[in-house]
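Visitor: I would like to learn how to read charged contacts and backbone angles in a model. Could you take me through a case?

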Amino acid sequence: MRKKVIAGNWKMNMLPDETINFIKEFTPLVKDTENEVILCVPYTDLFYALLNAQDTNIKIGAQNMHFEESGAYTGEVSGKMLKSIGVEYVIIGHSERRQYFAETDETVNKKLKAAFTYGLKPIVCVGETLEEREQGKTIDVITRQTRLALEGLTNEQVKNTIIAYEPIWAIGTGKTATADDANDSVKKIREEVAKIYGNDVAECVIIQYGGSVKSSNARELFTKSDIDGGLVGGASLKPEEFSKIVNF
Ligand code: PGA
């Protein structure tokens with residue numbers, strides 16, 4: 001049985017004092033869950049989040065990293081740096097990074113490899129645009145993104161990769177894929193992993209759904225056969241709302 005993994009993606013929101021207050025309020029609300037709970041916070045909140053989540057079941061992640069270890073990359077943060085302060089997870093290839101920051105399948109793949117080099121657990125995002133969906137290209141797009149992201153990883157690394165299926169048209173729009181649609185896409189991603197790395201590996205891979213997840217639709221989505229939890233943006237900014245999603 002795969003575990004359910006619920007990750008909050010705070011994006012460019014929350015200051016350190018808000019982070020501290022959030023974790024204080026959130027911790028007792030999720031302390032009894034068997035699901036994995038992750039908060040992916042801005043770089044400037046990481047240290048505060050790590051300190052305040054110590055001795056809780058809340059794991060902390062970053063939202064991006066560079067693939068090189070160090071060097072002349074002004075403004076970038078490496079996997080080694082994240083690991084050095086105790087960060088456990090990192091989001092890679094979020095559609096907003098692909099769209100606004102020129103992230104490509106190639107850089108996503110490099111970052112994924114680097115995440116494993118430095119002992120971070122990656123959450124890699126794939127998903128189609130509305131245009132691609134309307135042209136019937138959803139499955140092509142998401143299986144290609146999955147294949148290219150995972151290229152060159154060992155079976156063991158693939159098993160430890162979390163994939164987030166996030167249809168871009170559903171992110172921050174209030175539009176959610178229907179649970180059946182989302183489950184079908186997630187299944188296709190798992191089949192693609194199975195084709196390349198075998199069934200054993202594919203059955204271990206956690207595949208989340210993301211895109212306008214809220215407490216009112218979490219249960220329906222997360223109880224589908226292939227959806228192993230969610231990557232949650234807007235609704236992860238409020239402790240009570242996010243705790244309801246975690247405890248779906
Ligand atoms: P949303 O964002 O839940 O606000 O739609 C999800 C995401 O971008 O990870």
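Guide: We start with the salt bridges and end with the backbone. This is a predicted model, where local features need pLDDT of at least 70, side-chain atom pairs count only at pLDDT 80 or more, and totals for chains, interfaces and linings use all residues. Residues are numbered from 1 along each chain as its sequence is written, and side-chain values use heavy atoms, with hydrogens and water left out.

Visitor: How many salt bridges does the rule give?

Guide: The rule asks for a side-chain nitrogen of Lys or Arg within 4 Å of a carboxyl oxygen of Asp or Glu. The count here is 21 salt bridges.

Visitor: Which residue meets Glu203 in a salt bridge?

Guide: Arg2 does, at 3.2 Å from N to O. Arg2 lies in the segment before strand 1 (5-9) and Glu203 in helix 10 (residues 199-204), so the pair ties together parts 201 residues apart in sequence. Helices (H or I, at least four residues) and strands (E, at least two) are DSSP runs, numbered from the N terminus.

Visitor: Is Arg2 buried or exposed?

Guide: Buried means under 20% relative accessible area, exposed over 50%, and partly exposed in between (1.4 Å probe, protein chains only). Arg2 is buried at 19%. Glu203 is partly exposed at 45%.

Visitor: What does Asp228 pair with?

Guide: Asp228 forms a salt bridge with Arg2, with the closest N and O atoms 2.9 Å apart. Asp228 sits in the loop between helix 11 (218-222) and strand 8 (229-232), while Arg2 is in the segment before strand 1, so this pair ties together parts 226 residues apart in sequence. Both Asp228 and Arg2 are buried.

Visitor: Which residues are linked in a network of salt bridges?

Guide: The members are Arg2, Arg190, Glu203, Asp226 and Asp228.

Visitor: What is the phi of Asp55?

Guide: About 60°, positive, although Asp55 is not a glycine. Asp55 lies in the loop between helix 2 (43-53) and strand 3 (58-62). Asp55 is exposed, at 82% relative accessibility.
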